[in-house]
Amino acid sequence: MENLISKGKCHCGEIEYNLEGSKQFEFLCHCRDCRVLNGGGHLSGIIFDKTSLRIEGKTNLYSYKGGSGEAIDAHFCPKCATTLFAYPKHHPDIVVVRANTLEDENLFTPKQSIFHETAFKWDTVIGS
Ligand SMILES: [Zn+2]
Ligand SMILES: [Zn+2]
């Protein structure tokens, strides 16, 4: 797999991150949690190995119970509230980066929508 080197930041710029590693999965998630937590109606996510992410700045944490029944730790900027990435407890080796915070928008090429059965009717679902 290609080795991706990229960076990203929150809206105000207080939190920045660097990524170096392979994309494992790119997706849009329309589950009931993601459609509320992400203002666009769904999560735009890229999965990396946890070790691929280096964070500059101190994030705040919002932990909630995900669909698996285990916690998902979502990290957001304490100043502008942009969520940047999340760690699902049931997959301790990965991090889900919010593609909308990447500097280079062309790095995100989602191939799959998940939980499209709960998508808002007004939101686009890949493949439908
Ligand atoms: Zn910020
Ligand atoms: Zn979801």
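Predicted model: local features only at pLDDT ≥ 70, side-chain atom pairs only at ≥ 80, totals over all residues.
A polar atom of the T101 side chain lies 2.7 Å from the backbone oxygen of R98. Not counting residues up to four places away in sequence, T101 touches G8, K9 and Y17, together with T82, T83 and L84.

## The sheet β1-β2-β5

Three strands form an open sheet in the order β1-β2-β5, and their pairing is antiparallel. β1 (4–9) and β5 (53–56) are the edge strands, each pairing on one side only. On average, neighbouring strands of this sheet are turned by 15 degrees against each other, direction ignored.

Strand β2 covers residues 16–21 and runs antiparallel to β1, to which six bridges join it. Within this part of the sheet, I5 stands opposite E20 in β2.

## The zinc site

Which protein atoms are the donors of the zinc ion (ligand 1)? They are the SG atoms of C10, C12, C77 and C80, at 2.3 to 2.4 Å from the ion. Along the chain, these donors follow the spacing C-x1-C-x64-C-x2-C. The four donor atoms subtend angles of 107 to 115 degrees around the zinc ion (ligand 1), so the arrangement is tetrahedral. For four tetrahedral donors the ideal angle is 109.5 degrees.

Are C77 and C80 buried or partly exposed? C77 has a relative accessibility of 0% and so counts as buried. C80 has a relative accessible area of 27%, which means that C80 is partly exposed.

## I47 in strand β4

I47 belongs to strand β4, which spans residues 43–49. With a relative accessibility of 13%, I47 counts as buried because the value is under 20%.

Leaving aside neighbours within four places in sequence, I47 is in contact with S22, K23, Q24, F25 and F27, and also with I94, V95 and V96.

Note on methods: Residues numbered from 1 in each chain as written. Chains lettered and ligands numbered in written order. Heavy atoms only, no water. Donors = N, O, S within 2.8 Å, 3.2 Å for Na, K, Ca; no water. Tetrahedral: all angles 85-135°; square planar, octahedral: opposite > 155°, others 65-115°. Buried < 20%, exposed > 50% of the residue type's maximum accessible area, 1.4 Å probe, protein only. Pairing = 2+ DSSP bridges. Helix = DSSP H or I, 4+ residues; strand = E, 2+ residues; numbered from the N terminus. Axes fitted to C-alpha atoms, helices over the stretch in contact; angles between N-to-C directions. Contact = heavy atoms within 4.5 Å. Polar contact = N/O pair within 3.5 Å; in protein donor to acceptor, adjacent residues only side chain to side chain.
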